[in-house]
Amino acid sequence: MSPLEDTWHDIILKAIRGLALDQQSLAQASGVREEKIASLLQGFRNDATLVAIAPSLGLHPRELVMVARGASHPPLTTLPKNVQRFTTQYHGMAVHSYLLWSERTQQAVAFDTGTEITPLLKKLKEHQLDLVAIFLTHAHCDHVLKLSELQAKTKAQAWIDHRELLEGTQPLLANFSFALDDQIDIKALSTPGHSPGGTTYLITGLSPLIAVVGDAIFARSAGGMPPTAYTHGLKNICQNILMLPPSTLLAPAHGPLTTIEEERLKNPFFA
Ligand SMILES: [Fe+2]
């Protein structure tokens with residue numbers, strides 16, 4: 001099983017940053033002694049302290065401790081056979097991008113580019129697919145590094161939110177929807193927070209539904225958000241992603257695949 005993207009330590013640091021807290025203010029808010037918080041922040045795990053500070057961080061105490069104990073992981077999930085995940089490396093970090101194609105029209109669309117496109121190009125060739133569109137979840141480097149190269153090799157058009165436009169991309173219009181064939185549609189959902197124009201792409205017409213979420217939400221965590229975007233960003237995820245049907249598959253840019261049902265119950269940020 002691929003490891004979770006974030007540890008308990010990453011999770012609390014993200015919440016502390018998002019809520020613009022520090023050691024002292026967290027001690028005051030939680031009633032936990034500052035030395036105990038300092039020790040946690042240094043990476044020394046203490047489950048009782050985690051439980052005590054979780055409510056002040058807006059985190060679910062039990063689910064946070066389950067992550068800390070390595071006892072929380074989504075079950076192994078497979079993608080439909082016309083969806084492929086590619087994992088590339090960026091400064092030692094694994095980044096996922098995805099390819100979806102229609103078996104009826106042989107047209108394909110990519111979600112992000114990752115840092116290496118050779119495996120994607122090989123897949124296109126192997127299945128004789130024509131890449132017609134590239135949908136970008138956000139403009140952070142690890143997700144878009146190969147955009148111009150992929151466009152030069154395939155002539156595919158690329159879309160991204162208007163707040164994160166890059167050379168060669170066009171802005172997603174409100175209620176953007178793209179028909180891959182007469183069954184499969186891709187709808188853009190605005191999920192800013194981790195980045196100003198963060199976008200989730202919902203693939204309908206496959207069973208189950210698939211949401212390509214970029215860095216908005218991970219299995220048992222969420223993408224880091226600045227304090228100015230934190231509360232609104234979490235709300236966006238609740239309203240635009242977690243309200244999808246429970247069986248919807250979540251395909252994040254980091255960490256394992258998961259489902260809406262799993263994250264509603266077990267993600268410390270949202271449980
Ligand atoms: Fe990102």
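Modeller: Happy to! Y90 has M93, in strand 2, as its bridge partner. Strand 2 (residues 93-101) is paired with strand 1 in the antiparallel sense, over eight bridges. Here strands (E, at least two residues) and helices (H or I, at least four) are DSSP runs, numbered from the N terminus, and two strands pair if DSSP finds at least two bridges between them. This is a predicted model, where local features need pLDDT of at least 70, side-chain atom pairs count only at pLDDT 80 or more, and totals for chains, interfaces and linings use all residues. Residues are numbered from 1 along each chain as its sequence is written.

Stepping back, the open sheet has six strands in the order 1-2-3-4-5-6, with mixed pairing. Strand 1 (83-90) and strand 6 (169-171) stand at the edges with a single partner strand each, so one side of each has no neighbour in the sheet. From one strand to the next, the twist averages 30 degrees.

Now for the helices. Helix 6 (residues 118-126) lies across strand 1, strand 2, strand 3 (107-111) and strand 4 (130-135), and runs at about 160 degrees to strand 1. Helix 8 (residues 147-154) also packs on the sheet, where it touches strand 3, strand 4 and strand 5 (157-160). The direction of helix 8 makes about 155 degrees with that of strand 4. For these angles, axes are lines fitted to C-alpha atoms, for helices over the stretch in contact, and angles run from 0 to 180 degrees between N-to-C directions. Two residues are in contact if their C-beta atoms, placed from the backbone, lie within 7 Å.
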